[in-house]
Amino acid sequence: MSYDSLSVLLFVLFVGLLLAGVPLAITLGLAGTAVVVFADLGLSSVPLNVYNSISKYPLLAIPMFVLAGIIFERAGIAGSMVRFASSIVGPRRGGLAATAILVAMILGGISGSGPAASSAVGAVMIPQMLRAGYPRGYSAAVVAAGGSTDILIPPSIAFVIYSMLVPAASVPALFAAGMVPGVLAGLALIFGSIWLARRHKLGNEADLPRPPFWRSLREAIWALLAPVIILGSLRTGVVTPTEAAVLAVVYGFVIGVVVYKSLTPRIIYDVLVEACEISAVILTILAMASVFAVASNAVGTFEHMAHFMLSSITSEVLMLLAINVILLVAGMFIDGISIFFVFLPLFIPIMQHFQWDPVWFGVLMTLNIAVGQFHPPVGLNLVVTCKFAETSMESTTYWAFALVLTMVAVLVLCTFVPSTVMWLPHALGY
C-alpha cells in the first residue's frame, strides 16, 4: 500500500473506532498497529515503543501529582481553605461562588488536576451553595469552572505531559508561563460568576455567618503553605519537577496524618488505589499514543495535514484563530490529555513554520483544554460536580457557557498579546 493509502487507513480507523465508542488508548493502539503491519515496519517495534514511551524518569511526576491531589482532597484541607476564603469574601450575593473559585485556584498550586480540585471543592462548597438558594446547575458550573484553572496554575499535570511531547518546552518554563494566565482566568471567572448571581438575583447569603478571619487563617495556614513550599523549592533549584511532585505527596501525607488527623489507614489505602487507577489511564494513553505516533510519522499523515492547513491558511492570525476553534470544539468531546496526543502531531509542524515559542503555544493549548473541562456535553469537571449537585448536565448549559465566555476573553488576550504569557518566564530567566 502507498503512504497516502496508509494515511487514509490510519485516519479512517482512528475516527471509526472513536465513533464506535472504543476508548482512546485502544483506538490509538489498534490504528497505529494496523498501519505498522500494513507498512511492514516490523511488529516487534510496537512493544518496544510502548516500553520506551513510559520508561522515562520525568513521567514519575504524573502519578505523584495525581496522588498529591487525592491526598489533599481526602485530608479535608479544602474545608479549611473554604472557611478562610469565606472570611475574606464575606456574605454577599455571589460570595460563595467567588469563594469556590478562589479555593480551586489555591488547590491548583497543589494538585495540578482539574477533576481533583472540582471534587475537593465541590464536596464542601456545593452543599453550602444549595442551602443558600443557588440553583443546582449554577453551583455545579461555577465549581467546575474554578477547577479548570488548576491545569494552568503550577504545578500542572498537563504541562508535564506537554513537555514530554515537546522537549523544547521545559517544565519550569511552562509552570512560570501558566501562572499569569491561570490567575487571570480565575479572576475572570470570579467576575463572571458574581455578575450572573447579581443579574439573576441568585442566592441569599445575608444570614450566613462570616467565619472569623484570624481563626480561619490559623486553620488554613498549612494548606496555604503547600504551594509556597512546592513551587518555592522548584524555583530555587532544591528539587526537580519530578522531585517536587514527591515533595507534594510527602507534605500532604504528613499534614493529613499529623496535623488534620484525617488520613486513616483505610483512607490511605483508598487514596493509593484511586491514584493508581487514574495514573494507569494516563500512562496507558501515553503508551498507545507512541504506537500511533510511530505509524503516523512513518507514513507522514500529520505532515500532509499540516501542509494542507499551511497552504490553505497563510495568515498567522487566521491560523491562530483556526487552531483555537479546533481545540474549543474538540474540548466538547475529548478530554484534555487526549487532546495533546491527538492534535500535537498536527500542530507542531505549524508551530515550527510560524516560529511560535513552544512554551507560549503550550499555554494556549492548555488554556483551551481548561475551557473544555467545564463546558457541555463532556466537560470532565462538570461530570464530577453534577454528581455532587445531583443535577443533570443540561441544567448547567446556560451557566457553563456564560462562564466560558469569560475564559475565552482571557484566551484571546493570551493569543494576541504573547507577553501576557511570556513575561514571567523571561523575568525568571527561562
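Some ground rules. The model is predicted, so local features need pLDDT of at least 70, side-chain atom pairs count only at pLDDT 80 or more, and totals for chains, interfaces and linings use all residues. Residues are numbered from 1 along each chain as its sequence is written, and side-chain values use heavy atoms, with hydrogens and water left out.

Start with the core. The largest nonpolar core has 144 residues. By nonpolar core I mean buried Ala, Val, Leu, Ile, Met, Phe, Trp, Tyr and Cys residues joined through side-chain atoms within 4.5 Å. Buried is under 20% relative accessible area, exposed is over 50%, and partly exposed is in between, using a 1.4 Å probe and protein chains only. Which members touch the most others? They are Tyr138, Tyr162, Phe347, Ile350, Trp356, Phe361 and Met365.

Take Phe361. Set aside neighbours within four places in sequence, and Phe361 contacts Tyr162, Ile323, Phe347, Met351 and Trp356. Contact here means heavy atoms within 4.5 Å. As background, nonpolar side chains in soluble globular proteins tend to be buried together.

Now the helices. They are DSSP runs of H or I, at least four residues long, numbered from the N terminus; strands are E runs of at least two. Look at α14, residues 301–312, and α16, residues 336–354. Their axes come within 9 Å and cross at roughly 50 degrees. Axes are lines fitted to C-alpha atoms, for helices over the stretch in contact, with angles from 0 to 180 degrees between N-to-C directions. So α14 and α16 are oblique to each other. The classes: under 35 degrees is roughly parallel, over 145 roughly antiparallel, 65 to 115 roughly perpendicular, and the rest oblique. On the α14 side, the contact uses Phe302, Met305, Ala306, Met309 and Leu310. On the α16 side, it uses Val342, Pro345, Leu346, Pro349, Ile350, His353 and Phe354.

Next pair. Helix α17, residues 358–372, and α19 have axes that come within 10 Å and cross at roughly 170 degrees. That makes α17 roughly antiparallel to α19. From α17, Trp360, Leu364, Leu367, Asn368, Ala370 and Val371 take part. They meet Val404, Met407, Val410, Leu411, Cys414 and Thr415 in α19.

Two of those names come back with Asn324. Asn324 sits in helix α15, residues 316–330. Is Asn324 buried or exposed? Buried, because its relative accessible area is 8%. Its side chain makes a polar contact of 2.9 Å with that of Asn368, and another of 3.3 Å with that of Thr415. A polar contact is a pair of N or O atoms within 3.5 Å; within protein, one must be able to donate a hydrogen and the other to accept it, and residues adjacent in sequence count only if both atoms are side-chain atoms. Beyond four places in sequence, Asn324 contacts Asn368, Leu411 and Thr415.

Ser216 is another buried polar residue, at 2% relative accessibility. Ser216 lies in helix α11, residues 213–235. Outside four places in sequence, Ser216 contacts Ser80, Arg83, Phe84, Ser87 and Pro211.

Last, backbone. Most residues other than glycine have a negative phi. Lys261 has a positive phi, near 55 degrees. Lys261 is in the loop between α12 (241–259) and α13 (265–299), and is exposed at 63%. Glu390 also has a positive phi, about 55 degrees. Glu390 is in the loop between α18 (380–389) and α19 (397–416). With a relative accessible area of 65%, Glu390 is exposed too.
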